[in-house]
Amino acid sequence: LADIYTTAPLPIDTHANCLQLIANAGGCVMYQDRSGILHLKPLESTVSDYSINYFNSYSKSNVELSKPLKDVSIGFYQYTIGAESTELYNGVISISGTQELIVTYSGSATNVSATVSGGTLNSATYYTNACKLTITASGNVTIVVTGKSLQSSKTELSIYNSDNGETVSVDNVLITDIDRAKVIGEWVRSYHANRMTLSSSWRADP
């Protein structure tokens, strides 16, 4: 993951969903081990420490085949910065004392700046989709946030597998160049081309 780069901002989402986007864009799987530690690793490097065999299985495993794979449709995103600064947020909030606020923009932006009327802006931390402001006031405060908007465009790439079957789509905003899209598209293609899903009823040792 240290060698994989993106020009995209993380969306406003849960930590779990953001980590899943990072794992997917890196061609990795995400799992938690028995110690509660979260891992993001390539699929081939994940090693199971428990096997299902005739000793611990209640019944013979069933094998199901998924539908044949025709191709993988994968998109990659490109971002451009708006030429002019625009208003991203304008609101009035009642504040008594010192409060920390999270202000979400109308869209992704860069070169962001916040101004406060009716109070004192003590500190500001700017992100692509929101900013964290610490404001001291006694009464209504007008907050205005401006910045240059980020516009995104998406290009679809098709990874061929066979003439017949279904198309699997991959949409990940962190994939921002065609080379990474090809790598992930081929990774998804090889996974779905396997088609076999095993299910079994088994017991685990204490």
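The model is predicted, so local features need pLDDT of at least 70 and side-chain atom pairs count only at pLDDT 80 or more, while totals for chains, interfaces and linings use all residues. Residues are numbered from 1 along each chain as its sequence is written, and side-chain values use heavy atoms, leaving out hydrogens and water.

Let's begin with Ser57, which sits in the loop between strand S2 (38-42) and strand S3 (62-65); strands are DSSP runs of E with at least two residues, numbered from the N terminus. Ser57 counts as buried because its relative accessibility is 19%, and buried means under 20% relative accessible area (1.4 Å probe, protein chains only). Leaving aside neighbours within four places in sequence, Ser57 is in contact with Ile52, Ser200, Ser201 and Trp202, where contact means heavy atoms within 4.5 Å.

Next comes His39, which belongs to strand S2. His39 is buried too, as its relative accessible area is 18%. Not counting residues up to four places away in sequence, His39 touches Val29, Met30, Tyr31 and Asp33.

| Side chain | Partner | Distance |
|---|---|---|
| His39 | side chain of Asp33 | 2.8 Å |

A polar contact is a pair of N or O atoms within 3.5 Å; within protein, one must be able to donate a hydrogen and the other to accept it, and residues adjacent in sequence count only if both atoms are side-chain atoms.

Conventions
Helices (H or I, at least four residues) and strands (E, at least two) are DSSP runs, numbered from the N terminus. Buried means under 20% relative accessible area, exposed over 50%, partly exposed in between (1.4 Å probe, protein chains only).
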